[in-house]
Amino acid sequence: MLFEDTSIAYNQPQEVFSYNGPMSHTIISELGDFIKVWLSDDEKSSKKVFAILIELLQNASYYSKSSITVHENQEHGVGRFILSHDQDFFYMECGNLVSTSTASKLDQAIEHINSLDHQALRKYKREQRDKPREEESKGAGIGLIQVALLSSNPLQASFTPKGNEYFFYSNTIRINKQKANTLEKI
Amino acid sequence: MANNTLESIFIESNEDSSFTPTVNFDLATGVCSIEGESCLENAAEFYNTLIKWFEQYIKQKEGNIELNLKLLYFNTSSSKCILDMLKILKHYKDSGGMVTVNWYYRSYDEDQLEEAQDYVAYTKLPMNIIPIQDD
């Protein structure tokens, strides 16, 4: 999983790792730890990439319509995750199976999130955070707002039909490399 | 009844994972701290213990509370629980309780600074927002 050479020779995004399978507690923790090691010389990027990874993977774990029982009584949502980067950005693509009704709700939610600027997103998060938890949701339902806030870039979602009842929902997050930014400003 | 006996809480974070923060709630002094990282998938289960502790402490002891939040990272599930906790402290302060909240964040981490500002704006509970310099 760990590439020895993380230097970038081309402008094409280079894949760091991809994962497709159950989003268990252990897997999420391992992938999070990898980010910390991989970006240990850039704390600012490390924190952002780590935080976004956790939200994306935990969302896939809660909401995926396809799941695997890893141990007895431990069912985990199945998702796909790809981390890549180029000179300017990190790219995190996360996808999972959703029902048609969820797909349309997500589509609307993402369109709304993308229409808000930073301050409006903060306000929206403050309001949404205080709403009662949805019955089927273990999360706070504000994961995507948080991802948009942290990445400072629009969410890029796609929905691919899978049969009559499902869609494969995929979201690509772009994160500006913090170190490159700092250098540009100086 | 056993659950009427309030005791200090100490929960040590598992060093192998960033899922659970270190918690130290001192019954004698009312000084409480939550430190480290909090990525719990079902944060409510973990934080309900802390929320209940505050509720009982306020009811039984009516003492001072100093909450030190040194969370370097938390997920949105934890973020909602932190809000619930701050709302209880705000209510206590409004009814005459002595409440101090100190929020620590790494000086480069603007996202965690904004988290603090957003909690203050929403709950109206003042916090001392304190940057930690890099090691």
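**Exercise 1. Which side chains does Arg126(A) meet in a salt bridge, and what are the chain elements involved?**

Step 1. The side chains of Arg126(A) and Asp118(B) form a salt bridge, with 2.8 Å from N to O. Here a salt bridge is a side-chain nitrogen of Lys or Arg within 4 Å of a carboxyl oxygen of Asp or Glu.

Step 2. Arg126(A) sits in helix 4 of chain A and Asp118(B) in helix 3 of chain B, so this pair joins two chains. Helices (H or I, at least four residues) and strands (E, at least two) are DSSP runs, numbered from the N terminus.

Step 3. Arg126(A) is buried, its relative accessible area being 18%. Asp118(B) also counts as buried, at 2% relative accessibility. Buried means under 20% relative accessible area, exposed over 50%, and partly exposed in between (1.4 Å probe, protein chains only).

Before you go on, a word on the model: it is predicted, so local features need pLDDT of at least 70 and side-chain atom pairs count only at pLDDT 80 or more, while totals for chains, interfaces and linings use all residues. Residues are numbered from 1 along each chain as its sequence is written, chains are lettered from A and ligands numbered from 1 in the order in which they are written, and side-chain values use heavy atoms, with hydrogens and water left out.

**Exercise 2. Are Lys87(B) and Asp130(A) buried or partly exposed?**

Step 1. Find the pair: the side chains of Lys87(B) and Asp130(A) meet in a salt bridge of 2.5 Å, N to O.

Step 2. This pair crosses between chains, from helix 2 (residues 76–94) of chain B, where Lys87(B) lies, to the loop between helix 4 and helix 5 of chain A, where Asp130(A) lies.

Step 3. Lys87(B) is partly exposed, with a relative accessible area of 34%. Asp130(A) is partly exposed too, at 24%.

**Exercise 3. What does Arg129(A) contact?**

Step 1. Locate Arg129(A) in helix 4 of chain A. With 1% relative accessibility, Arg129(A) counts as buried.

Step 2. Leave aside neighbours within four places in sequence. Arg129(A) is then in contact with Ile142(A), Ser79(B), Lys80(B), Leu83(B), Glu115(B), Asp118(B) and Tyr119(B), where contact means heavy atoms within 4.5 Å.

Step 3. Pick out two partners. The side chains of Arg129(A) and Glu115(B) meet in a salt bridge (3.4 Å, N to O), and a polar contact of 2.7 Å joins the side chains of Arg129(A) and Ser79(B). A polar contact is a pair of N or O atoms within 3.5 Å; within protein, one must be able to donate a hydrogen and the other to accept it, and residues adjacent in sequence count only if both atoms are side-chain atoms.

**Exercise 4. How many residues and salt bridges belong to the contact between chain A and chain B?**

Step 1. Count the residues: 33 come from chain A and 35 from chain B.

Step 2. Consider the area. Chain A and chain B bury about 3000 Å² between them, 44% of it on carbon and sulfur atoms. Buried area is the accessible area (1.4 Å probe) that two parts lose on being put together, summed over both. Lys47(A), Arg129(A) and Arg133(A) supply 23% of the area that chain A buries against chain B, more than any other three residues.

Step 3. Count the links: there are nine salt bridges between chain A and chain B, and 22 residue pairs in polar contact, both residues at pLDDT 80 or more.

Step 4. Ask where the chain A side comes from. Its largest share, 11 residues, is from helix 2 of chain A.

**Exercise 5. What pattern does chain A follow along the sequence?**

Step 1. List the elements: chain A has six helices and six strands.

Step 2. Read along the sequence to get β-α-α-β-β-β-α-α-α-β-β-α.
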